[in-house]
Amino acid sequence: MRLTLYFREYCSLCHQMLAELQPWQQKHGFALDVIDVDADPVLEERFNELVPVLMDGDNEICHYHLDTQRLAAHLGEIG
């Protein structure tokens, strides 16, 4: 599984979500692409005020804060 975190370097919420994802990544072994939305005008327009946004392909898992229940459900831990 490959997840994507849409991110801004200067965003404290982004760094917090990235840090909170580390134990999940170690436990479940998913790949994580971290993409700076400010490097791509299309991504900046799409995600501007939503960052950080955690996605699996076109499926949004959560934004602003890591939603551990939604992430667990997405990874098959519950439900």
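**Entry 1, ground rules.** I noted that this is a predicted model, in which local features need pLDDT of at least 70 and side-chain atom pairs count only at pLDDT 80 or more, while totals for chains, interfaces and linings use all residues. Residues are numbered from 1 along each chain as its sequence is written, and side-chain values use heavy atoms, with hydrogens and water left out.

**Entry 2, the sheet.** I took helices (H or I, at least four residues) and strands (E, at least two) as DSSP runs numbered from the N terminus, and I counted two strands as paired if DSSP finds at least two bridges between them. I found an open sheet of 4 strands with mixed pairing, in the order E2-E1-E3-E4. E2 and strand E4 (59-63) stand at the edges with a single partner strand each, so one side of each is left without a neighbour in the sheet. Direction ignored, neighbouring strands of this sheet are turned by 25 degrees against each other on average; the axes behind such angles are lines fitted to C-alpha atoms, for helices over the stretch in contact, and angles run from 0 to 180 degrees between N-to-C directions.

**Entry 3, strand E1 and its partners.** I looked up E1 next and saw that 6 bridges join E1 to strand E2 (residues 31-36), the two running parallel, whereas 3 bridges join E1 to strand E3 (residues 53-56), and these run antiparallel. Arg2 has Ala31 as its bridge partner in E2. For burial I used relative accessible area, with under 20% as buried, over 50% as exposed and partly exposed in between (1.4 Å probe, protein chains only); of the 6 residues of E1, 5 are buried.

I followed the chain from E1 through helix H1 (residues 12-28) to E2, which together make a right-handed β-α-β unit; right-handed means that, with the strands pointing away from the viewer, the path from the first strand over the helix to the second runs clockwise. H1 lies across E1, E2, E3 and E4 and runs at about 165 degrees to E1, where contact means heavy atoms within 4.5 Å.

Which residues stand across from Tyr6? I found Ile35 opposite Tyr6 in E2, and Val53 as the bridge partner of Tyr6 in E3. Tyr6 is buried, at a relative accessible area of 10%. I then searched the whole structure for aromatic pairs and found 1. Its rings, of Tyr6 and Phe47, have centres 4.2 Å apart and planes at 20 degrees, so the pair is stacked. Rings of Phe, Tyr and Trp (its six-membered ring) pair if their centres lie within 6.5 Å, and planes under 30 degrees apart count as stacked, over 60 as edge-to-face and the rest as tilted. Tyr6 lies in E1 (residues 2-7) and Phe47 in helix H2 (residues 41-47), so the pair ties together parts 41 residues apart in sequence. Phe47 is buried at 3% relative accessibility.

Cys14 is buried at 0% relative accessibility, and Cys62 is buried at 4%.
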